[in-house]
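Student: I would like to go through the labels given to a model and ask what each one rests on.

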Amino acid sequence: MAEEQLEKMGALQVDKIVHHHQGWRLITCMWLHAGVFHILANMLSLIIVGIRIEREFGFVKFGVLYVISGLGGSILSALFERSSISVGASGAVFGLLGGMLSELFMNRTIYTNIAGHVLGLVAIVIINLGLGILPHVDNFAHIGGFLSGFLLGFVLLIRPQHGWVSQKYMPPGFSSDSVKPKYKAYQCILWVVSLVLLITGFTVGLVLLFREFDGNKHCSWCHYLSCVPTSRWSCDSQPSYCLNFYNVDGCCGS
(Lines give C-alpha, C1' and ligand atoms only; values in the text may rest on other atoms or scores of the structure.)
Protein backbone atom coordinates (compact mmCIF):
# COMPACT_ATOMS: atom_id res chain seq x y z
CA MET A 1 0.00 0.00 0.00
CA ALA A 2 1.28 3.46 -0.90
CA GLU A 3 2.74 5.65 1.83
CA GLU A 4 0.23 8.42 1.06
CA GLN A 5 -2.70 6.04 1.53
CA LEU A 6 -1.35 4.72 4.81
CA GLU A 7 -0.85 8.28 6.05
CA LYS A 8 -4.45 9.21 5.23
CA MET A 9 -5.79 6.08 6.92
CA GLY A 10 -4.02 6.70 10.24
CA ALA A 11 -0.40 5.54 10.06
CA LEU A 12 1.93 6.58 12.86
CA GLN A 13 3.49 9.91 11.91
CA VAL A 14 5.04 12.06 14.59
CA ASP A 15 4.43 15.41 12.92
CA LYS A 16 0.70 14.73 12.61
CA ILE A 17 0.49 13.62 16.23
CA VAL A 18 2.39 16.51 17.76
CA HIS A 19 1.51 19.46 15.53
CA HIS A 20 -1.93 18.50 14.22
CA HIS A 21 -3.40 17.02 17.41
CA GLN A 22 -3.87 13.55 15.90
CA GLY A 23 -2.95 11.45 18.90
CA TRP A 24 -5.38 8.79 17.74
CA ARG A 25 -2.69 7.68 15.29
CA LEU A 26 -0.91 5.99 18.20
CA ILE A 27 -3.83 3.51 18.18
CA THR A 28 -4.98 3.36 14.56
CA CYS A 29 -1.53 2.52 13.20
CA MET A 30 -1.65 -0.93 14.76
CA TRP A 31 -4.70 -1.84 12.65
CA LEU A 32 -3.04 -0.91 9.34
CA HIS A 33 -0.75 -3.08 7.25
CA ALA A 34 1.48 -2.48 4.26
CA GLY A 35 0.16 -5.33 2.12
CA VAL A 36 -1.43 -8.77 1.95
CA PHE A 37 1.67 -10.65 3.09
CA HIS A 38 2.10 -8.24 5.98
CA ILE A 39 -1.41 -8.72 7.33
CA LEU A 40 -1.38 -12.49 6.80
CA ALA A 41 1.91 -12.82 8.69
CA ASN A 42 0.53 -10.72 11.52
CA MET A 43 -2.76 -12.61 11.74
CA LEU A 44 -0.96 -15.96 11.79
CA SER A 45 1.30 -14.71 14.57
CA LEU A 46 -1.67 -13.33 16.47
CA ILE A 47 -3.53 -16.65 16.30
CA ILE A 48 -0.55 -18.68 17.45
CA VAL A 49 0.48 -16.32 20.25
CA GLY A 50 -2.90 -15.03 21.33
CA ILE A 51 -5.05 -18.14 21.40
CA ARG A 52 -3.56 -19.46 24.65
CA ILE A 53 -3.89 -16.13 26.47
CA GLU A 54 -7.48 -15.62 25.36
CA ARG A 55 -8.45 -19.18 26.23
CA GLU A 56 -6.97 -19.05 29.74
CA PHE A 57 -7.65 -15.43 30.74
CA GLY A 58 -10.60 -14.35 28.60
CA PHE A 59 -11.02 -11.97 25.69
CA VAL A 60 -11.24 -8.84 27.89
CA LYS A 61 -7.78 -9.27 29.44
CA PHE A 62 -6.43 -10.42 26.10
CA GLY A 63 -7.82 -7.32 24.38
CA VAL A 64 -6.49 -4.94 27.03
CA LEU A 65 -3.04 -6.56 26.87
CA TYR A 66 -3.05 -6.35 23.07
CA VAL A 67 -4.15 -2.72 22.74
CA ILE A 68 -2.03 -1.32 25.61
CA SER A 69 1.04 -3.15 24.30
CA GLY A 70 0.44 -1.75 20.83
CA LEU A 71 0.11 1.73 22.32
CA GLY A 72 3.38 1.30 24.21
CA GLY A 73 5.08 0.23 21.00
CA SER A 74 3.69 3.26 19.18
CA ILE A 75 4.94 5.67 21.85
CA LEU A 76 8.50 4.33 21.86
CA SER A 77 8.50 4.24 18.07
CA ALA A 78 7.37 7.87 17.93
CA LEU A 79 10.22 8.91 20.23
CA PHE A 80 12.87 7.46 17.91
CA GLU A 81 11.38 6.95 14.43
CA ARG A 82 10.51 10.60 13.87
CA SER A 83 11.10 10.91 10.13
CA SER A 84 9.12 7.96 8.79
CA ILE A 85 5.63 6.55 9.07
CA SER A 86 4.94 3.22 10.74
CA VAL A 87 2.12 0.69 10.53
CA GLY A 88 1.41 -2.81 11.76
CA ALA A 89 0.42 -4.88 14.74
CA SER A 90 3.59 -6.60 15.84
CA GLY A 91 4.21 -4.15 18.68
CA ALA A 92 0.99 -5.57 20.11
CA VAL A 93 2.02 -9.14 19.23
CA PHE A 94 5.34 -8.63 20.98
CA GLY A 95 3.32 -7.43 23.96
CA LEU A 96 1.52 -10.76 24.02
CA LEU A 97 4.90 -12.49 24.10
CA GLY A 98 5.96 -10.22 26.96
CA GLY A 99 2.73 -11.00 28.80
CA MET A 100 3.26 -14.73 28.36
CA LEU A 101 6.77 -14.40 29.79
CA SER A 102 5.73 -12.36 32.84
CA GLU A 103 2.81 -14.73 33.45
CA LEU A 104 5.29 -17.59 33.79
CA PHE A 105 7.26 -15.67 36.42
CA MET A 106 4.14 -14.46 38.20
CA ASN A 107 2.51 -17.89 38.44
CA ARG A 108 5.59 -20.08 38.59
CA THR A 109 4.24 -22.19 41.48
CA ILE A 110 1.64 -23.82 39.22
CA TYR A 111 4.04 -24.78 36.42
CA THR A 112 6.45 -27.64 35.95
CA ASN A 113 9.60 -27.24 33.83
CA ILE A 114 9.24 -23.47 33.96
CA ALA A 115 12.87 -23.04 32.88
CA GLY A 116 12.14 -24.74 29.57
CA HIS A 117 9.12 -22.52 28.90
CA VAL A 118 11.05 -19.36 29.78
CA LEU A 119 14.06 -20.26 27.63
CA GLY A 120 11.79 -21.06 24.69
CA LEU A 121 9.98 -17.73 24.91
CA VAL A 122 13.21 -15.78 25.40
CA ALA A 123 14.72 -17.46 22.33
CA ILE A 124 11.68 -16.51 20.23
CA VAL A 125 11.84 -12.89 21.40
CA ILE A 126 15.59 -12.62 20.76
CA ILE A 127 15.26 -14.07 17.25
CA ASN A 128 12.48 -11.67 16.32
CA LEU A 129 14.19 -8.64 17.85
CA GLY A 130 17.35 -9.65 16.02
CA LEU A 131 15.45 -9.51 12.74
CA GLY A 132 14.37 -6.01 13.73
CA ILE A 133 17.79 -4.63 12.77
CA LEU A 134 16.89 -5.13 9.10
CA PRO A 135 16.03 -1.94 7.18
CA HIS A 136 12.46 -0.59 7.16
CA VAL A 137 11.59 -2.57 10.30
CA ASP A 138 10.32 -0.59 13.28
CA ASN A 139 12.12 -2.44 16.04
CA PHE A 140 11.39 0.33 18.54
CA ALA A 141 7.71 -0.61 18.29
CA HIS A 142 8.65 -4.22 18.98
CA ILE A 143 10.71 -3.27 22.03
CA GLY A 144 8.08 -0.88 23.38
CA GLY A 145 5.33 -3.41 22.86
CA PHE A 146 7.30 -6.18 24.53
CA LEU A 147 8.18 -4.07 27.59
CA SER A 148 4.58 -2.84 27.93
CA GLY A 149 3.19 -6.36 27.64
CA PHE A 150 5.78 -7.73 30.06
CA LEU A 151 4.80 -5.24 32.77
CA LEU A 152 1.08 -5.50 32.04
CA GLY A 153 1.26 -9.28 32.26
CA PHE A 154 2.18 -9.02 35.95
CA VAL A 155 -0.93 -6.88 36.46
CA LEU A 156 -3.51 -8.73 34.36
CA LEU A 157 -2.39 -12.35 34.25
CA ILE A 158 -2.03 -13.12 37.95
CA ARG A 159 -3.43 -16.48 39.15
CA PRO A 160 -4.15 -17.75 42.68
CA GLN A 161 -1.25 -19.75 44.10
CA HIS A 162 -1.27 -23.53 43.96
CA GLY A 163 -3.32 -25.01 46.79
CA TRP A 164 -5.63 -22.03 47.33
CA VAL A 165 -9.29 -22.94 47.77
CA SER A 166 -12.15 -20.49 47.32
CA GLN A 167 -14.48 -20.24 50.33
CA LYS A 168 -17.51 -21.22 48.28
CA TYR A 169 -15.91 -24.61 47.60
CA MET A 170 -14.99 -25.31 51.22
CA PRO A 171 -16.91 -28.15 52.90
CA PRO A 172 -19.10 -27.27 55.90
CA GLY A 173 -17.15 -26.93 59.12
CA PHE A 174 -13.84 -26.51 57.30
CA SER A 175 -11.63 -23.91 58.99
CA SER A 176 -10.54 -21.11 56.68
CA ASP A 177 -7.50 -20.52 58.89
CA SER A 178 -5.75 -23.50 57.34
CA VAL A 179 -6.30 -22.29 53.78
CA LYS A 180 -3.43 -20.70 51.91
CA PRO A 181 -3.80 -17.01 51.00
CA LYS A 182 -5.00 -16.40 47.46
CA TYR A 183 -1.77 -14.77 46.32
CA LYS A 184 1.81 -15.09 47.48
CA ALA A 185 3.66 -12.03 48.79
CA TYR A 186 5.96 -11.87 45.77
CA GLN A 187 2.90 -11.78 43.48
CA CYS A 188 1.49 -8.77 45.29
CA ILE A 189 4.85 -6.99 45.20
CA LEU A 190 5.30 -7.65 41.47
CA TRP A 191 1.73 -6.47 40.81
CA VAL A 192 2.28 -3.13 42.56
CA VAL A 193 5.76 -2.49 41.16
CA SER A 194 4.70 -3.35 37.59
CA LEU A 195 1.62 -1.15 37.75
CA VAL A 196 3.66 1.81 39.02
CA LEU A 197 6.34 1.32 36.34
CA LEU A 198 3.71 0.94 33.62
CA ILE A 199 1.85 4.13 34.55
CA THR A 200 5.11 6.05 34.98
CA GLY A 201 6.50 4.84 31.68
CA PHE A 202 3.40 5.74 29.69
CA THR A 203 3.11 9.14 31.37
CA VAL A 204 6.76 10.04 30.77
CA GLY A 205 6.62 8.72 27.21
CA LEU A 206 3.55 10.77 26.27
CA VAL A 207 4.94 13.93 27.90
CA LEU A 208 8.22 13.56 26.02
CA LEU A 209 6.40 12.87 22.76
CA PHE A 210 4.29 16.01 22.89
CA ARG A 211 7.33 18.04 23.94
CA GLU A 212 8.94 16.91 20.67
CA PHE A 213 11.63 14.85 22.35
CA ASP A 214 13.96 13.19 19.83
CA GLY A 215 15.47 10.11 21.39
CA ASN A 216 18.23 9.87 18.80
CA LYS A 217 19.63 13.24 19.85
CA HIS A 218 20.10 11.99 23.39
CA CYS A 219 21.25 8.47 22.52
CA SER A 220 23.79 8.32 19.72
CA TRP A 221 23.70 4.54 19.39
CA CYS A 222 20.00 3.80 19.90
CA HIS A 223 19.22 3.92 16.17
CA TYR A 224 21.21 0.69 15.82
CA LEU A 225 18.48 -1.08 17.78
CA SER A 226 16.19 -0.64 14.79
CA CYS A 227 18.57 -0.83 11.84
CA VAL A 228 22.23 -1.73 11.41
CA PRO A 229 23.64 -0.54 8.05
CA THR A 230 25.78 -3.00 6.08
CA SER A 231 27.27 -3.23 2.61
CA ARG A 232 24.02 -4.90 1.50
CA TRP A 233 21.55 -2.25 2.71
CA SER A 234 21.29 1.25 4.10
CA CYS A 235 19.06 2.61 6.84
CA ASP A 236 17.51 5.54 5.00
CA SER A 237 14.11 6.64 6.30
CA GLN A 238 11.27 4.71 4.69
CA PRO A 239 7.81 3.59 5.76
CA SER A 240 8.45 1.19 8.63
CA TYR A 241 7.00 -2.27 8.92
CA CYS A 242 8.56 -5.61 9.61
CA LEU A 243 9.37 -9.14 8.76
CA ASN A 244 9.58 -11.41 11.75
CA PHE A 245 10.61 -15.00 12.00
CA TYR A 246 9.59 -18.17 13.75
CA ASN A 247 6.20 -19.70 14.29
CA VAL A 248 5.00 -17.14 16.83
CA ASP A 249 6.31 -13.99 15.24
CA GLY A 250 4.44 -10.79 14.68
CA CYS A 251 4.89 -8.44 11.80
CA CYS A 252 5.26 -4.88 11.91
CA GLY A 253 6.01 -1.96 14.04
CA SER A 254 2.94 -0.20 15.22
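Predicted model: local features only at pLDDT ≥ 70, side-chain atom pairs only at ≥ 80, totals over all residues.

Tutor: Residues are numbered from 1 along each chain as its sequence is written, and side-chain values use heavy atoms, without hydrogens and water.

Student: What makes C219 and C222 a disulfide?

Tutor: A disulfide is a pair of cysteine sulfur atoms within 2.5 Å. The sulfur atoms of C219 and C222 are 1.9 Å apart, so the pair meets the rule. The count by this rule is 1 disulfide.

Student: Why is the disulfide of C219 and C222 called right-handed?

Tutor: Because the torsion about its S-S bond is about 80 degrees.

Student: Are the cysteines C219 and C188 buried or partly exposed?

Tutor: Buried means under 20% relative accessible area, exposed over 50%, and partly exposed in between (1.4 Å probe, protein chains only). C219 has 13%, so C219 is buried; C188 has 39% and is therefore partly exposed. C222 at 8% is buried, as is C29 at 0%.

Student: What makes E56 and R159 a salt bridge?

Tutor: A salt bridge is a side-chain nitrogen of Lys or Arg within 4 Å of a carboxyl oxygen of Asp or Glu. The closest N and O atoms of R159 and E56 are 2.2 Å apart, so the pair qualifies. R159 sits in the loop between α8 and α9 and E56 in helix α4, 103 residues apart. Helices are DSSP runs of H or I with at least four residues, numbered from the N terminus.

Student: Which other residue pairs with R159 in a salt bridge?

Tutor: E103 does, with its closest N and O atoms 2.9 Å from those of R159. E103 lies in helix α6, so this pair ties together parts that are 56 residues apart in sequence. Shared partners join R52, E56, E103 and R159 into one network. The structure holds 5 salt bridges, one of them between E7 and K16 at 3.7 Å, N to O.

Student: With which residues is L65 in contact, leaving aside neighbours within four places in sequence?

Tutor: Contact means heavy atoms within 4.5 Å. The partners of L65 include I53, L96, L152 and L156.

Definitions and conventions: Helix = DSSP H or I, 4+ residues; strand = E, 2+ residues; numbered from the N terminus.
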